[in-house]
Structure formats: structure tokens, C-alpha cells
Amino acid sequence: MLDQAAVLADRLRSARSVKVVSHIDADGLTSAAVAVRALERLGKPYEVEFLKSLRPPDVERLKDENPDTLWFTDLGAGAAALLSDVEPVITDHHVPTAGGRYHLNCHFSGEDGSRYLSGSTTTYLVARAIDRANRDMAPVAVVGCVGDLQDTDAGRLVGMNAAIVEDARAAGMLAAVDTRYFGRETRSLVKILQYADDPCVPGVSGRGEACAQFLDGLHVAHHHGEDERRWGHLSTEERRRVLSAIAKSLLSKGYGHRAVRRLVGEVYVLPGEAQGEPVRDAKEFATLLNSTARYGAADVGLAIALGDRGEMYARGLELLKGHRQNLVAGIQLVKEKGLTERNHLQWFDAGSGIRETIVGIVAGMMYNAAGVRRDLPIFAFAEADAEHVKVSGRAARSLVAAGVNLAEVMRVAAGKVGGAGGGHAPAAGATIPRAKRDEFLAAADDAIGEQLAGRKA
Ligand code: C5P
Ligand code: ZN
């Protein structure tokens, strides 16, 4: 991969100008930031465009623009076959449909693109090959990995990502062992316990009052005067007391050591950022970025990823508030609607109630919610435009281990109904004609059934 990264670096060095095309999530924004910093250091003229997904009409339009050099980051692998005639630079981790002279993707080395490398860390390998000074972008690249949940299974980044964490540490990022719960910087202690879902705090999560009582019982103050205490305010000893009590509770309620192990993991901290700010914690940083481009404000997210802590950062914080409200409302809507089960999957259709750009996040959160079956993949639909619906799929690792590959399911089932899709084995998406939703579901159900039966979909 490093040899191939050097080939891409040479190609970019010889470019006259570069058009970077990237994805509208945290991984895509950080990928673009890494690419932009590398191009700035090279002194190349560049422009950046962000896309929800790279569809055949986008490919045609980009080709018609006749740019000197196209650089696809965190997308492009799924469209590699359509792009082969223009030989673009591609740094991606999605399941590729074709190779290419300047295509860097860990799948070609037989590695799993959902945890070995993200779009941002793949892009980082090329940036580093262009100029060692670009190692200052390693922390931002790590934020992209965490945004793509690449640390979720092992509780830390693994594979080549772990090597890039070493670069990030040299650039000032800390990798610490601490709680994996979301909100270490910005959420109150009570809210962290209230929203805890992986693992939950038995009898406490989901109930605000019970969270406060739980902390009272441990003699851990949840307020300091009028102010709510956050995780960062706790002493090491207090953190240990809280986590031990949760572990004890999980074990006594029969959750087992696996759930306990998920309580702590490696967390990635940017100590140069102010305390209590989302950009200090990689997970919260990623959520902040997701709050921008998914709402059409990619310029805000890109500026923040490149280091803006002024006007654009303030706009990002406003967008983050809206994003949080939308996620809460989205979960509520799904809980009211409920899930419909088929043989090999469960699904819901949010209609226009959830934005198509965040329906995948809602599906992922819902999948972790108490009472939701983990032995069936979840499919979530949301209106895309007058004629199309977006579908997001999520599958537990145990299902992937049993043969489920949602990238393939999306490609095959969407293809059957005149849509297009792809992604990763455990998380994939597609856009399909609205009228074909049920036909798509039937095809997806069959495809998953065949994968589980060990036949090729
Ligand atoms: O949108 P969502 O979060 O569900 O996307 C999950 C994964 O599927 C992402 O990696 C995304 O790039 C991919 N995807 C795709 N084609 C689509 C929609 C999503 O490859 N049409
Ligand atoms: Zn990605």
C-alpha cells in the first residue's frame, strides 16, 4: 500500500490543478481536509466538491467538466469501473468495483475497509508520501476513522489505522484508555448515563432520575454548585468508581464480560483544544463534522477540519444543536412507527420524517437500542426526491461473520430495481425508485438469505 501511495503522490505532483471530490460525512470531510492541506503544500490550484454519493450522472458531469486531475476521497471505489477511462486518483475504503492505476484501497490487499483504513487514513498515506510535513494532519485523519466507527468492534483502532494513530501521537494527539461512552467533553455525567446504550447501565439508562440516584449512591457528585459536572471534571478515582459500579451491575444482571469489556477502550483526545469543546474528543469532533455537510454546509465542516475555531466553528456548533435535535426526533419517530420484520431483515420507512443524509445514523442508533433484534440487519428508508428513496442498511458483526455483506446486498437488490448502491459489509446504502421499495426489500431479503446459506448473492 505504501508503494501504491507513492505512485499516487507522484501523479499528484505532476498535476496542473486538482479537483477533489469527497463524501459528506466526517470521514469524507477529514479526507478532503487532508487532501487540501497536501495540495496547498504542493502549491497546486485546487477546488473541492462534496457529494452524498457518487452516482452515474455525477460521474458523467465530472468527466464533462474536463478537469486536469480528479482526486476522489472516501468515495470513487464503487464507481471505479465507470471512471477507468479518465484514470482518476482514488483514495477510498469502500468495496471497489474495479482497480485503476491510481486507486489506493486496502481491499486490494485483502483488508477489511470497515476497520483497517478509512477514507481519511487512506488519503493520509498519500499526503504523507507527498510531504512528511503532512503528518500534522494525522490527528484529523484519526477523527475520520472514528467518525466511520472503525474503532467500535475492537474498542480501539486496529490494522494500519493503529500505525496512523502513532503518527497522530507524534503530532500531539493522545490515545487514552477511558470510557467509550459518547460525550466525554460536552455531555453532563447524568446525560452520559441516560444515553448509554453500548453497554447500557441496567435499570438506569433511559431514566434521568435513576441516573442521578445511581451517582448519589456512589457518592459521585453530578453537580458542582449550580453547574452540571462532565466526565472531564471527574477525578481518576471517581471515574473508576462509576465504571466499576456499572461493570458490577452488568455482571449481576447477566450481561456477561463482553458487555463489560465494551465500557472502556482507547479514546482519542486533542489536548490542544479547550476543555468542554467537542473538538477535544475525536468522537465528538466527528459528530460535529457530521452536523455540517449532512445539512448542506460542507464548507463549514471543511474549515473546522482544517483548523478554523472562529466564525465557521461557531456556525458548526449551531448546526450541531440542530443535528442532535434531529437525531432525538428521528429515534422517537422510529420508536412510534416500529420495525417490520421479514425473514432475514427488519425495516422502517421514515418517509419525509428523517433527512436521507442522517437516516443511516438513526438506523445505527436504533439498532443499538434496547429491545431491537440484533440477529436481523436493519434497513431504513427516507425520501430522497419526488421519485426516489434512500435506503441505509446496518448489520451486526456477528451477522457479517455469518456471511452477510450489505454492500453486496445493496448492489444486487438496488441493481434489480433500477437503483444503485454499495458501501461496506456491515454498513451500506442505496438510492432506488420509490415505487420499487417492496420489490427491493424482497430482493434484499433473498440476497441475505442466500448469503447466510453460504451461497453467493
Ligand atoms: O448513508 P449511509 O450512512 O447509510 O451509508 C452507509 C455506507 O454506504 C457509506 O459508506 C456510503 O458511502 C455507502 N453508500 C453507497 N451508495 C449509496 C449510499 C451509501 O455506497 N447510494
Ligand atoms: Zn468513509
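This is a predicted model: local features need pLDDT of at least 70, side-chain atom pairs count only at pLDDT 80 or more; totals for chains, interfaces and linings use all residues.
Residues are numbered from 1 along each chain as its sequence is written, chains are lettered from A and ligands numbered from 1 in the order in which they are written, and side-chain values use heavy atoms, with hydrogens and water left out.

**The zinc ion**

Select ligand 2, the zinc ion, and then D27, D74, H93 and D148, which coordinate the ion through OD, OD, NE2 and OD respectively, at 2.1 to 2.3 Å. Donors here are N, O and S atoms within 2.8 Å of the metal (3.2 Å for Na, K and Ca), and because water is not among the atoms, sites may look incomplete. The angles between the four donor atoms run from 85 to 169°, which makes the arrangement irregular; four donors count as tetrahedral if all angles lie between 85 and 135 degrees, four count as square planar and six as octahedral if opposite donors are over 155 degrees apart and all others between 65 and 115, and anything else is irregular.

Along the chain, the donors follow the spacing D-x46-D-x18-H-x54-D. D27 lies in helix α2 (residues 26-42) and D74 in the loop between β3 (69-73) and α4 (80-83), so this pair ties together parts that are 47 residues apart in sequence. Helices (H or I, at least four residues) and strands (E, at least two) are DSSP runs, numbered from the N terminus. D27 counts as buried at 0% relative accessibility, and D74 is buried as well, with a relative accessible area of 1%; buried means under 20% relative accessible area, exposed over 50% and partly exposed in between (1.4 Å probe, protein chains only).

**Helix α6**

Next, select residues 138-147, helix α6, where nine of the 10 residues are buried, so the helix is largely enclosed by the rest of the structure. Among the buried residues are A138, P139, G144 and C145, and the buried residues of α6 pack against α2, α5 (119-130), α7 (160-170), β9 (264-269), α12 and α13, where contact means heavy atoms within 4.5 Å. Just after α6, look at L149, which takes a positive phi of about 60°.

**From α2 to α13**

The contact is made by L29, A32 and A33 of α2 and A298, G301, L302 and A305 of α13.
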